[in-house]
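This report describes selected local features of one protein chain.

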Amino acid sequence: MRAWIAGWMVAAGLAAAAPAQAADQWPAKPVKLLVGFPPGQATDAVARLLAERLSAKLNQPVIVENRPGQGGSIALAALAKAAPDGYTMMLSATASLVTNPHLYKSTGYDTLRDFAPVSLVADLPMVLVANASQPFSDVAGLRGYAQRHPGALNFSSSGNGTLSHLGMVMLERQAQLQLTHIPYQGSAKAMTDMIAGNVAIGLDTVAVTLPHIQSGRLKALAVGSSQRLPMLPDTPTFAEAGYPDFQANPWLGMLFPKGTPQPIVQRMNQELREAVATPALARSLKSIGAFARTDTPEDFTQLLRREYGTWGELVQLSGSRVD
């Protein structure tokens with residue numbers, strides 16, 4: 001009996017040690033980095049910047065694999081089914097994790113159950129913009145005009161249920177406005193129509209709006225980041241404009257499948273922090289409208305829980321569905 005117990009304890013100890021040993025040897029082969037969008041899109045561009053630096057730091061190739069479709073959810077579903085061995089990870093956009101599960105009938109994953117969050121990587125702040133001919137230049141002026149002309153002011157979005165749509169639903173709710181939504185298929189057409197005066201206002205990323213603001217064809221009313229943006233120093237944040245609870249700061253975050261050994265999660269967190277902290281990478285991110293931001297796996301997990309609830313409620317308010 002004693003021999004059996006001793007043998008069982010040794011076996012249990014070896015089993016417990018196996019993940020730690022695997023983590024110590026990680027990575028022993030190339031690491032796959034999934035992206036849920038086509039090459040050339042902002043998430044893909046950031047992933048490739050990271051892959052280059054992580055490959056050098058890990059002494060193994062980090063290979064970007066694009067799996068576009070369903071707003072990033074096809075790639076997340078693949079991640080959820082991947083082996084939790086540290087050799088498949090994903091750079092995910094906000095919407096794929098916290099709005100898509102509320103929009104689509106089925107995504108193939110549970111955001112709060114199927115992943116091991118590693119760290120945020122970057123913010124992609126949004127800007128509230130208006131056609132240059134509009135008779136207001138700040139949020140207070142917009143609110144006053146909209147309240148004097150209920151329903152007359154329209155806003156564009158890059159599609160039903162997108163963050164550019166839901167962000168405006170949030171503003172309507174917090175500022176007690178009645179606006180008319182004009183959805184487009186993507187940001188480019190939405191910006192074109194706003195510049196032409198067919199749409200009055202809209203909310204989109206810095207990367208999309210900045211060239212038009214700099215040309216004078218659009219005017220910036222507020223930014224969704226927690227601080228003013230260096231390229232728009234005279235544009236207040238929504239908090240400064242009187243809406244401290246307004247969120248319009250999409251992010252990109254790195255995840256492994258659930259069950260990935262914690263030593264690997266912690267190692268990747270550290271490698272990401274060091275990579276993102278380099279001035280060269282920070283400059284490269286800013287050039288595409290992204291701003292470096294990292295955190296701990298625990299903080300990222302809590303952020304996911306908060307925003308899953310917040311954006312899910314806004315999806316319900318908007319009545320949006322994508323099936």
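## Backbone and ring features

Pro27 is placed in the loop between α1 (2-25) and β1 (31-35); helices (H or I, at least four residues) and strands (E, at least two) are DSSP runs, numbered from the N terminus. The model is predicted, so local features need pLDDT of at least 70 and side-chain atom pairs count only at pLDDT 80 or more, while totals for chains, interfaces and linings use all residues. Residues are numbered from 1 along each chain as its sequence is written, and side-chain values use heavy atoms, with hydrogens and water left out.

The peptide bond that leads from Trp26 to Pro27 is cis, with omega near -5°. Most peptide bonds are trans, and most residues other than glycine have a negative phi.

| Residue | Phi | Loop |
|---|---|---|
| Asn59 | about 60° | between α2 (42-58) and β2 (62-66) |

The structure contains five aromatic pairs. Rings of Phe, Tyr and Trp (its six-membered ring) pair if their centres lie within 6.5 Å; planes under 30 degrees apart count as stacked, over 60 as edge-to-face and the rest as tilted. One of the pairs joins Tyr109 and Phe115, which is tilted because the planes meet at 55°, with the ring centres 5.7 Å apart. Tyr109 is buried at 9% relative accessibility, and Phe115 is buried at 8%.

Trp251 and Phe300 form an edge-to-face pair, with 5.6 Å from centre to centre and 90° between the planes. This pair links distant parts of the chain: Trp251 belongs to strand β10 and Phe300 to helix α12 (residues 297-318), 49 residues apart. Trp251 is buried, with a relative accessible area of 1%, and Phe300 is buried, with 0%.

Strand β10 (residues 251-257) also holds Leu255. Is Leu255 buried or exposed? Leu255 is buried, since its relative accessible area is 0%. Beyond its neighbours within four places in sequence, Leu255 is in contact (heavy atoms within 4.5 Å) with residues including Leu79, Met89, Phe115 and Phe300.

Technical notes
Buried < 20%, exposed > 50% of the residue type's maximum accessible area, 1.4 Å probe, protein only.
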